[in-house]
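This briefing is for a reader new to the structure. Please look over the sequence and the model before turning to the points below.

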Amino acid sequence: MQADSGLLAAPFAFARLAAILLSMPLRILCLGDIVGRPGRQILHQKLAGLVRERAVDLVIANAENIAGGSGITANLFHKIRSYGVDVITLGDHIYRKADIIPTLQSSERVVRPANLAATAAGRRFTVVSTAAGIPVGVFSLLGRIYMNLPADDPFAAANWVLANLPENVRVCVCDMHAEATSEKVAMGHWLDGRCSMIVGTHTHIPTADARILPGGSAAISDLGMCGPYDSVLGRRKDRVLKHMTTNMPHSFEIATGDVRLCGALAEIDPETGRALSMERVEIKGENADQAYDSDDKTPDREKSE
Ligand SMILES: [Fe+2]
Ligand SMILES: [Fe+2]
């Protein structure tokens, strides 16, 4: 009799556990532009521990500078997935290494900016599930102010994405990849109350404005980079200074000193999609032993954010 009761109770206990898991705050970590081998190294060294310590449910990272400082390869896509990155966003350097194009077309774990031309390779948004089964929408946008790659209206593109997300998706994250702080802050307000987390990337310097906006969205103007900070935006400071002080061309190689992992961590209510907390994350690593390895393919030694 008791055994029968236990058997009958089991499905109810499981349902209750599932309900508890589905209503627990979701912890989403977003990482800024991963720059070259030093950026890859610190992810490899620190990400798994951070995910464990902070009980992170989903990791989203911008990887537009991961291969030699500009672009991403299929090999590096798989490598950082194995380090614990769940979804990859990109930016103006998205197509610098063409071997990523088949992955952009086939994988649900990477998105291209939603406001590129309709015919540009890659998906405009993706929906992935956390281990607890909560669907999360992810998309990115390119700014139009001081950006080299022409793009359509990011505000209209954001509306298009939100209108096309499946109805069961209550949690979504937007990576606003832009040069101008004004455009990134404006996008935060445009999406406030409609998108759970709006994070800026591209300028490689973390900003101090991590906050929850009045409508309940977590926002920050720039996550900063995962890469070498004893540099100018990830490039060797001596090379950049030579160029800036002489106007003569110099190759901008990846720097190796003061490598840090930078991003932001938000807690999101999965029922409402609203943020409960938002904080910057910054972890100091070691200097990188070298700037490049064979995974970098053809390093890009020009200035690039
Ligand atoms: Fe960029
Ligand atoms: Fe970048």
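Beyond its neighbours within four places in sequence, Ile-28 is in contact with Asp-57, Leu-58, Ile-60, Val-173, Met-197, Ala-266 and Ile-268. The model is a predicted one. Ile-28 is also one of the residues that touch the most other members of the largest nonpolar core.

**Nonpolar core**
- The largest nonpolar core holds 76 residues.
- Besides Ile-28, those that touch the most other members are Cys-30, Ile-80, Cys-174, Met-197 and Ala-264.
- Strand 11, residues 259-268, gives the most to this core, contributing seven residues.

**Overall build**
- Seven helices and 12 strands make up the secondary structure of the protein.
- The radius of gyration is 20 Å, close to the 19 Å that the globule rule gives for 305 residues, so the protein is as compact as a globular protein of that length.
- Taken along the principal axes, the C-alpha atoms fill a box of roughly 85 × 40 × 35 Å.
- Of the 305 residues, 48% are buried.
- Among contacts between residues at least 6 apart in sequence, 70% join residues at least 24 apart.

**Helix 5**
- Helix 5 spans residues 154-164, and its buried residues are Pro-154, Ala-157, Ala-158 and Val-161.
- Seen down the helix axis, these buried residues fall within an arc of 105°, so they line one face of helix 5.
- Ala-156 and Ala-163 are exposed, on the face of helix 5 turned away from its buried side.
- The cover over the buried residues of helix 5 includes strand 5 (135-142), strand 6 (171-177) and helix 6 (181-191).

Conventions
Residues are numbered from 1 along each chain as its sequence is written. Chains are lettered from A and ligands numbered from 1 in the order in which they are written. This is a predicted model: local features need pLDDT of at least 70, side-chain atom pairs count only at pLDDT 80 or more; totals for chains, interfaces and linings use all residues. A residue is buried if 20 or more other C-beta atoms lie within 10 Å of its own, exposed if 12 or fewer, and partly exposed in between; C-beta atoms are placed from the backbone. Helices (H or I, at least four residues) and strands (E, at least two) are DSSP runs, numbered from the N terminus. The arc is that of the directions from the helix axis to the C-beta atoms. Two residues are in contact if their C-beta atoms, placed from the backbone, lie within 7 Å. The radius of gyration is taken over C-alpha atoms; the globule rule is 2.2 Å times the number of residues to the power 0.38. A nonpolar core is a set of buried Ala, Val, Leu, Ile, Met, Phe, Trp, Tyr and Cys residues joined through C-beta atoms within 7 Å.
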